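The sequence and structure are shown first.

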Amino acid sequence: MPQKRVVLKNCEVIDPKRIDSHLESGGFKALSKARGEMTPEQITNEVKASGLRGRGGAGFPCGIKWDGARTAPGANKYVICNADEGEVGTFKDRYILEKDPFTLIEGILIAGQAIGAKQGYIYLRAEYHYLLDHLQSAIDQAKQKGFLNGFSLEIREGVGAYICGEESALMDSIEGKRGEARYRPPFPTTSGLWGQPTIINNVETLMNIPPIILNGADWFSQMGTERSKGTKVFSVSGDVARPGVYEIVLGSPLRELVEELAMAKDVKMVQIGGATGRILPYDKLDTPLAFEAVLGAGAVTVYNESRDVIDIVHRTMEFLAEESCGKCTPCRQGTEVMAEVLDKFHKGEGSLKELQNLEALSSAMMLSSLCGLGQAAPNAVMDSLQYFRNDYESRVAK
Amino acid sequence: MENKINLTINGKEVTGRPGMTILEVARDNGIDIPTLCYIQDLPPIGACRLCVVEVEGSRTLVGSCHTPVAEGMAIQTHSPKVIATRKVLVELMLASHPDACLICDKANICELRRIAADLEIGLPRFRTRKHYFPVEDENTDMVRDMSKCVQCRRCVIACKSKGDEPLFGMAYRGFDSKVIHGYDQPLGSEACEDCDACIDICPSGALRKPRRAGEERAAKALIIKG
Ligand SMILES: Cc1cc2nc3c(=O)[nH]c(=O)nc-3n(C[C@H](O)[C@H](O)[C@H](O)COP(=O)(O)O)c2cc1C
Ligand code: SF4
Ligand code: SF4
Ligand code: FES
């Protein structure tokens, strides 16, 4: 199947510097519809019916989140667009921000309309500082055209911490605190930014909103699988002939993305979802890309036969150990233990006992960590142990 | 009385009131859940994870010190999964802890040791590098040895709750994160008024009173289960 451009419809089509170019191709019609013809409840119902799930990694149903914030009591509600894009191997949000900032702004404004928020933030990854002026100009142009209509939309920059992409740490960061995960409940929909009802959505999630409002939930939910509706934008990199951003219908097999679109050869394994994502070996390439199987935020990193599994898993763990916020015991201590054990295997000095202990450790980390980082940190270790156990056993010290 | 919340803990039917945490209801019913970062009457911290319990229908375990009870909850506080997880957590704390119990002033009243003993933990299965920080012993009211800190953050919260400019804060990330004083300066002679709020609740040997000449160590016997 070829690419299907819903989210990326305007990318490379409109001039992302000029709002008029966007208006000519039908921009901001969904916003007018949402404001003119729909009640907030109708908007959230439409999003619910579409089956849209969050594109930032966790896949939470978007409409349910919005409804939570819409019905929560609170005078000042907030919409946050998560443009932290910190997951290793993802660059799709950057592409969207560069090529079509207007549709994103439209999505944020519709979200604000739906939950009754007057204030929104775009939390921009520190490394995307070069996009600051570009985004600000897009916001200013939308304001000049009267689309903001009293809604205040500000950009807040991160300072380079992976954990600040996690929603609760991100809100701490906007509040000017050290970015660390909070326990839940309370959830952001009832007590988020400054203790107020807040929705936080990934860039790509919000990009889906204008087309859903314009074309209806039925149109959207025809695409995809039972529990994964619509399309997904993937960032494909690694040992491929054509790295880049691809949008395909959810449920498509991984093989199509990796071998047909990105033209990879001699694939050994694929890491899906970045550092906290899953690892699949070549013979699992027919796995569908869907929330039911594997997905994450859409980072697809391809490794060919020349790559060393242990080296990749070790570096993944070193990254997570470095980026752990350090608040909770299992993640702060567990990622360090894992990184040290993997270092030994990398050097050919591992032991079978340590391998067994890794399994007990993984389970405790998954079960007791405070946030998604620690809960998903063992994924690469566990998957590689399942599919590439020989690579570990051959590195046991003789 | 209205506003009662009905739930089960370890199969037993119990009730709580809105706003109560699982830990509070469990303790009211004589069920002992180990805690390390929790301080009664102060906002929960949620950092140590020792208080995790199994809640039916939940993908992960949940922290009992910060999770409110809800109608119909079915909770297991000592299932094999919970115990196995708590063991790993304590072993992880011990993994970076200096092997200095024999000469530690707080050995006899150390909560970390008591919890490890309760969980029947011997030598930890895991190893990491150790933290080596110089002992801060300039102050006449408090000795700080951050090599022994388990990062429960009790001292941070307790000090903050006093209302004045807090003495401690968190810095750095991951395994390197640390409870710092000022901008990570050693505790000087001036530091604070002698309130002891943090020393009394520090569960490890990281914070203690200086030993004065001729004074014996606090020789309360350590109760080890079994
Ligand atoms: C460690 C960690 C890092 C994350 N980083 C990002 C990120 O960079 N961008 C993002 O959109 N979501 C990220 N998330 C997911 C967010 O917590 C949150 O689920 C998401 O922003 C919700 O939006 P969605 O429902 O539209 O996906 C991260 C989660 C974790 C645990
Ligand atoms: S899981 Fe890791 S990143 Fe998340 S709160 Fe715990 S230490 Fe911080
Ligand atoms: S110094 Fe003591 S109270 Fe403070 S965080 Fe460390 S172990 Fe906890
Ligand atoms: S006592 Fe609950 S997390 Fe520490």
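## Basis of the description

Helices (H or I, at least four residues) and strands (E, at least two) are DSSP runs, numbered from the N terminus. The model is predicted, so that local features need pLDDT of at least 70 and side-chain atom pairs count only at pLDDT 80 or more, whereas totals for chains, interfaces and linings use all residues. Residues are numbered from 1 along each chain as its sequence is written, chains are lettered from A and ligands numbered from 1 in the order in which they are written, and side-chain values use heavy atoms, leaving out hydrogens and water.

Strand E4 (residues 198–202) of chain A contains Asn201(A). This residue is buried, with a relative accessible area of 4%; buried means under 20%, exposed over 50%, and partly exposed in between (1.4 Å probe, protein chains only).

The side chains of Asn201(A) and Trp66(A) make a polar contact at 2.9 Å. Such a contact is a pair of N or O atoms within 3.5 Å; within protein, one must be able to donate a hydrogen and the other to accept it, and residues adjacent in sequence count only if both atoms are side-chain atoms. Leaving aside residues up to four places away in sequence, Asn201(A) also touches Cys62(A), Ile80(A) and Leu206(A), among others; contact means heavy atoms within 4.5 Å.

## Nonpolar cores

A nonpolar core is a set of buried Ala, Val, Leu, Ile, Met, Phe, Trp, Tyr and Cys residues joined through side-chain atoms within 4.5 Å. In the largest one, of 59 residues, Trp66(A), Leu97(A) and Ile108(A) touch the most other members. Helix H6 (residues 101–115) of chain A gives the largest share of this core, nine residues. Because domain 1 (19–221) and domain 2 (231–304) of chain A both contribute residues, the core lies between them; domain bounds come from an automatic or database domain assignment.

## Sheet and domains of chain B

An open sheet of five strands in chain B has the order E2-E1-E5-E3-E4, with mixed pairing; two strands pair if DSSP finds at least two bridges between them. Strands E2 (12–16) and E4 (62–63) of chain B stand at the edges with a single partner strand each, so one side of each has no neighbour in the sheet. Strand E1 (residues 5–9) of chain B pairs with E2(B) in the antiparallel sense over five bridges, and Thr8(B) has Glu13(B) in E2(B) as its bridge partner.

Chain B is divided into domain 1 (5–78) and domain 2 (87–211). Their centres, taken over C-alpha atoms, are separated by 26 Å.
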